[in-house]
Amino acid sequence: AAIDVLIEEKLAEKAAVNGKYFKEKLEDLQTKHNSIKEVRGIGLMIGLELKYEVLNIILKAMAKGVLVLNAGRTVVRFLPPLVITKEQIDQVVSILDIVLEEEENARAVSTTTN
């Protein structure tokens, strides 16, 4: 039954399209946030490598309702469900933008006070 749903709803094709969209949105964030070192992935399996450890990013994102994982100490890993919508991707990217801004500001204050 699960395979039938994958085929009937063309979930593999949707994952490729939405993964490309998601990656492009994260690359747009990269132009805004100097802390993003690299965006990489295939389909909806995407990694966002930062210039510092990602634990605070993961915890802040979770506090705002976005579940992400790490893939090593400096990579935020996204593995959304195949049925994710572009609107939901936009919401994740928006929250990530806020979280990155907060972390970058906190790091800037920390640097200037030390």
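Student: How many strands form the open sheet, and in what order?

Tutor: The open sheet has 4 strands in the order 1-2-4-3, with antiparallel pairing. Strands (DSSP runs of E, at least two residues) and helices (DSSP runs of H or I, at least four residues) are numbered from the N terminus. Two strands count as paired if DSSP finds at least two bridges between them. This is a predicted model, in which local features need pLDDT of at least 70 and side-chain atom pairs count only at pLDDT 80 or more, while totals for chains, interfaces and linings use all residues. Residues are numbered from 1 along each chain as its sequence is written, and side-chain values use heavy atoms, with hydrogens and water left out.

Student: Which strands stand at the edges?

Tutor: Strand 1 (36-42) and strand 3 (69-70) do. Each has a single partner strand, so one side of each has no neighbour in the sheet.

Student: How many bridges join strand 1 to strand 2?

Tutor: There are 6 bridges between strand 1 and strand 2, which run antiparallel. As an example, valine 39 has leucine 48 in strand 2 as its bridge partner. These two strands form a hairpin with 2 residues between them, and glycine 43 takes a positive phi near 60 degrees there.

Student: And what about strand 2 and strand 4, how many bridges join them?

Tutor: Strand 2 and strand 4 run antiparallel and are joined by 4 bridges. Glycine 47 stands opposite arginine 77 in strand 4. Arginine 77 is also the bridge partner of leucine 69.

Student: So what's between strand 3 and strand 4?

Tutor: A turn: the two strands make a hairpin with 4 residues between them, and glycine 72 in that turn has a positive phi of about 95 degrees. Strand 3 pairs with strand 4 (residues 75-78) over 2 bridges, in the antiparallel sense.

Student: Where is threonine 74, then?

Tutor: Threonine 74 sits in the loop between strand 3 and strand 4. Threonine 74 counts as partly exposed because its relative accessibility is 26%. Buried means under 20% relative accessible area, exposed over 50%, and partly exposed in between, with a 1.4 Å probe and protein chains only.

Student: What is threonine 74 in contact with?

Tutor: Leaving aside neighbours within four places in sequence, threonine 74 is in contact (heavy atoms within 4.5 Å) with Leu48, Glu49, Leu50, Tyr52, Glu53 and Val54. Take leucine 50: threonine 74 is 24 residues away from leucine 50 in sequence, yet their C-alpha atoms are 5.4 Å apart.

Student: What else does leucine 50 touch?

Tutor: Besides Thr74, leucine 50 touches Ser35, Ile36, Lys37, Ile57, Val76 and Leu100, again not counting residues up to four places away in sequence.

Student: Is serine 35 buried or exposed?

Tutor: Serine 35 is buried, since its relative accessible area is 6%. Serine 35 lies in the loop between helix 2 and strand 1. Among the residues that serine 35 touches are Glu49, Tyr52, Leu100 and Glu104.

Student: Change of topic. How far apart are the end C-alpha atoms of helix 2?

Tutor: They are 31 Å apart. Helix 2 has 22 residues (residues 11-32) and should span 32 Å, so the two values agree. The expected span is 1.5 Å times one less than the number of residues.

Student: Which residues of helix 2 are buried?

Tutor: Leu11, Ala15, Asn18, Gly19, Tyr21, Phe22, Leu26 and Leu29. They pack against helix 1 (2-8), strand 1, strand 2 (45-50), strand 4 and helix 4 (86-113).

Student: What does asparagine 18 touch?

Tutor: Asparagine 18 touches Leu44, Ile84, Lys86 and Ile89, with residues up to four places away not counted. Asparagine 18 has a relative accessible area of 9%, so it is buried.

Student: How many residues are in the largest nonpolar core?

Tutor: The largest nonpolar core has 28 residues, and Phe22, Leu26, Leu50 and Phe78 have the most contacts inside it. At least two residues of this core come from each of helix 2, strand 1, strand 2, helix 3 (55-63), strand 4 and helix 4. Helix 4 gives the largest share, 7 residues. A nonpolar core is a set of buried Ala, Val, Leu, Ile, Met, Phe, Trp, Tyr and Cys residues joined through side-chain atoms within 4.5 Å.
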